[in-house]
Amino acid sequence: MTPLTLEWLMTKIELTVDGAAVSDDVEPRMLLVQYLREKLGKTGTVIGCDTSNCGACTVHLNGTSVKSCNVLAVQANGSTVTTIEGLADAAEGELHPVQEAFRECHGLQCGFCTPGMIMQAVDLLAENPSPTEEEVRLGMEGNLCRCTGYHNIVKSVLHAAGQTEGAKA
Amino acid sequence: MTATQDRPAAEIGKDRRRKEDQRLITGRTRWTDNITLPGMLHLAMVRSPFAHASITSIDVEAAKASPNVVGVFTGKDFGEELGACINAWPITPDQKTPAHSPMPADRVAFAGEIVAVVVARSVAEARDAAELVDVEYEELPAVIGIKNALKDEVLAHPELGTNKSALWVFDSGEAGTGTDAEAAIEEARANGIVIEREYRQQRLIPAFMEPRSVVVDPTGEQITMWSATQIPHILRFALAATTGVPESKIRVIAPDVGGGFGGKLQVTPEEWVAWAVARRLAKPVKYTETRSESLMAAHHGRDQVQTLTLAADKDGKVTGLKVHLDADLGSYVAIVGGGVPVLGAFMFNAIYKFPSYRFECQTVLTNTTFTDAYRGAGRPEATYAIERLMDELAAEVGVDPLEIRERNWITHEEFPFTTVAGLEYDTGNYEAATAKAKEAFGYDELRREQAERRERGDRVQLGIGVSTFTEMCGLAPSRVLGSLDYGAGGWEHASVRMTPLGKVEVVTGASAHGQGHETAFSQIVADRLGVPFEDVEVLHGDTQVAPKGLDTYGSRSLVVGGEALVRAVDKVIDKAKVLAAHLLEANPDDLDYSGGRFTVRGTDQGTAIQELATATFAGHNYPDGMELSLDADATYDPVNFNYPHGTHLCAMEVDTETGAVKMRKYTCCDDIGVIINPLIVAGQVHGGLVQGIAQALWEEAVHDDSGTLVSGSFVDYLLPTAADTISFDVVHTDDPSVCTTNTLGTKGVGEAGTIASTPAVVNAVVDAVRHLGVNDIQMPCTPERVWRAIHANDGDAVTPADAMPHFQEGALNQDEGAGQ
């Protein structure tokens, strides 16, 4: 008997990641986060746990935040994915207002949870542009941070909300 | 010592946004797991499911035959070549220290210990094959828990003959730093107050967000190890000392490191196994742990039973304190494992003038994950014990908890003060910190509200918790460490290099993993050297760039590393002065240095440090006898610890019907001397607070009776979320007590919040229900524990088992009031 191999199961996926069309053959078991990191080198998105508790791997799938450890790469076929690296054109020196708010309010220390926090915050503010502190705390509940005690993360999101409103007005 | 006052302090004290953030908020990061090298192989560990077992056989054939597997290795395949995990701090000369192989060949001593490693071309293939490694174990009896270990009936390491590793004792009567604690206790039993308590410091898991990861590249002349570590320099030392590779052939890099909290202050089996595999195969390898592996096998923290006796006179003036600790080392004596409780030895007397003190610490070995430093390391445990006891004493005497503290604390006029534990506290002002905290907290109003709620018999009661902490930090004076049998020193190193175009490269031996050194150190250098903040580049965490250092832990980077930096900058200025005098044709004594420029007193002549750097690079014109360089190194060994302190006040609401607790308000006033960057300081305090609060309310690492970690995932180990926490009031005294043992006047802040907050929270919870007969609740104060404490003495006992079939006729608790 030949050793078990999943080669024959390899599935072709095509999707858009951070504005670029990509296409690969992947094992059906490959997680979206593994695809992003290992196949595309999108190492801005990180893995912090193996039980979908920490949210460090949060990205946007068709405009909505998902924990990319909880999505199979094949499920993202035909989708549009945005990671922290595609949130703003950093090469042009641009920052998304939420990224800017995290820097302004010292919403990060080691920075490991930060990509997930920012992606979740962007989604939260898209749904609720003027959240209360309580709403921010509940909306960010799925993302763990060990450095900041959340104080400045919450402040960052509220700050970004204020800025967003200011920009609209 | 007043140098900061002599210069314009443009940068120090400014809330600079961090230099580190740009890359971190845009995902342009260099975590170890992001590194991929050509031909890199991936490792998966096979770990023991048993807490204690002999390894009878390991069949690796199926794993080896698995697709793209390059090799499978066990302890037997390596032998001595594997090296060893070291204990750098044997706390007594006769400490029992079990041999700690990174991958034992014959016997495992905790569940999660590595028994084999699979090497494959991808992570997934390595993990698949690891499932195929067939290990036969013969299970041995495992000893779990401190009290079981003390019985010495079942042994964690049979060859040692006992579970007792070391007994470390300090007695103020014997040391001559105070009187006899036993006599004070005897006197208090007759004529005063004696408080006796047993407190449990539950086991915690540091749970840094970035799982540990290591890459080893053996393909160059030097073997390079990237590791998610707090201690690249100590790691290099230990690799060389235990694997026989000369230090000069080892380069260790700690790239971006995602938090540590003491949890990455370790030399790990995983690093040593990766090192051995890479050398054996002559190929780059990578190992990144899963979160479950991290929780199970990365070191844990705390885990003590504290037996405490506090003696006082009838007015609540403390006359003596006796502390006996039993501390669980877990399966091995890790790098500073035994020393962690000893670090607490000097802090049980805290901010108080106790005349007598006795401290004993018995460390024990068990078949559990080994323990070591976790934020605060020894000092949170000590602070918890004494701050809980002071509240109990206040209750006994019948005065406000702040009043009892005031009767015992060192007053600000009494500094410098030599404590009963033999430390000299240089400065402090407990009165000022307390007054400021009380005002910001609204202490009197909250006390009024508490009284009203009690009067009304509200279901939700309010409690107010106090913690007036101090800590010894800035680890540490090398001579002191030597006297405590620690294996290394506590100095720090810095270099300042002037580049030809006038930029400044600062090299530090401290190794940041979230602290913001690049920003804070730039501020220090910008001020002291008089150069723009943006022109300073801080380099660290690579032994090839920063060859000397003792890394980051124990709130030491600023107070020890920062001082090394100051001294290196001063040397640069001294060197530049010689060149400036030559070029300006002036007497060096007539030169002033300010804002990055030398000026000739009484003239408009001058030259900038950047111009001097360029002139040094060119080398066209310089005085005879001058070495053609402005660069300078400095090594600084602190003369004392430093002693930040603060008053933390916490208001907790406790639902007396359900036992649920809710934080209402938390205010802290920390006196940490001169603040370099208030934004970073606040961040350190916030994060520290939540880690301490989490110990009080949520976190606990639990091994079951067979030694399996049952809190082995983030589903079970309760890390707080944004929804569990509140925003904090962080204030500082208007006139801080400046540290006298470093030029900048700074004190450490990295651990302050964690050390202070745990007792503040538990004191508040107990205070909310003290009128119901409660004087202690074990941590974490879960609703169940709070509820049980409330109902321990009222006959409204736990629901009897026969109440369980709720839906059978005649069963208890079917209707309101039934079965009560």
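**Contacts, domains and confidence**

Analyst: This is a predicted model. In it, 44 residues of chain B are in contact with 47 residues of chain A.

User: What makes these residues of chain B and chain A count as in contact?

Analyst: The test is C-beta atoms within 7 Å, placed from the backbone. 44 residues of chain B and 47 of chain A pass, so they are called in contact.

User: Which elements of chain B give two or more residues to the side that touches chain A?

Analyst: Helix H2 (21–26), helix H11 (291–297) and helix H21 (678–697) of chain B do. H21(B) gives the most, with six residues. By class, that side of chain B has 20 nonpolar, 18 polar and six charged residues.

User: How do you know how confident the predictor is in the complex and in chain B?

Analyst: The complex gets an ipTM of 0.95 and a pTM of 0.95. Chain B averages a pLDDT of 95, and 96% of its residues score at least 70.

User: Why should residues 1–7 of chain B be treated separately?

Analyst: Their pLDDT stays under 50. The model still has 10 contacts for them beyond four places in sequence. Where pLDDT is low, predicted coordinates should not be read in detail.

User: How is chain B divided into domains?

Analyst: Domain 1 of chain B is 3–28 + 491–636. Domain 2 is 32–140 + 211–257 + 264–297, and domain 3 is 301–475 + 640–781. The C-alpha centres of domain 1 and domain 3 of chain B lie 38 Å apart. Their contact takes 23 residues from domain 1 of chain B and 22 residues from domain 3 of chain B.

User: What makes up the side of domain 1 of chain B that touches domain 3 of chain B?

Analyst: Helix H1 (3–6), helix H18 (517–529) and helix H19 (557–584) of chain B each supply at least two residues. H19(B) has the largest share of that side, six residues. The classes there are nine nonpolar, nine polar and five charged.

User: Why is the passage of H18(B) over H19(B) called a right-handed crossing?

Analyst: The axes come within 10 Å and cross at roughly 35°. The crossing is listed as right-handed. By definition the near helix is therefore turned clockwise from the far one.

User: What does UniProt place at residues 26–141 of chain B?

Analyst: An unreviewed UniProt entry has "domain: Aldehyde oxidase/xanthine dehydrogenase a/b hammerhead" there. In the model, that stretch of chain B is 15% helix and 30% strand. Its end C-alpha atoms are 51 Å apart.

User: And how is chain A divided?

Analyst: Chain A has domain 1 (7–86) and domain 2 (90–168). Their C-alpha centres are 22 Å apart. The contact takes 15 residues from domain 1 of chain A and 11 residues from domain 2 of chain A.

Technical notes
Residues are numbered from 1 along each chain as its sequence is written. Chains are lettered from A and ligands numbered from 1 in the order in which they are written. This is a predicted model: local features need pLDDT of at least 70, side-chain atom pairs count only at pLDDT 80 or more; totals for chains, interfaces and linings use all residues. UniProt positions are given in the numbering used here, feature names are shortened, and annotations may be inferred rather than shown by experiment. Helices (H or I, at least four residues) and strands (E, at least two) are DSSP runs, numbered from the N terminus. Domain bounds come from an automatic or database domain assignment. Two residues are in contact if their C-beta atoms, placed from the backbone, lie within 7 Å. Ala, Val, Leu, Ile, Met, Phe, Trp, Tyr, Cys and Pro count as nonpolar, Asp, Glu, Lys and Arg as charged, and the others, Gly among them, as polar. Axes are lines fitted to C-alpha atoms, for helices over the stretch in contact, and angles run from 0 to 180 degrees between N-to-C directions. pLDDT is the predictor's confidence in each residue, from 0 to 100.
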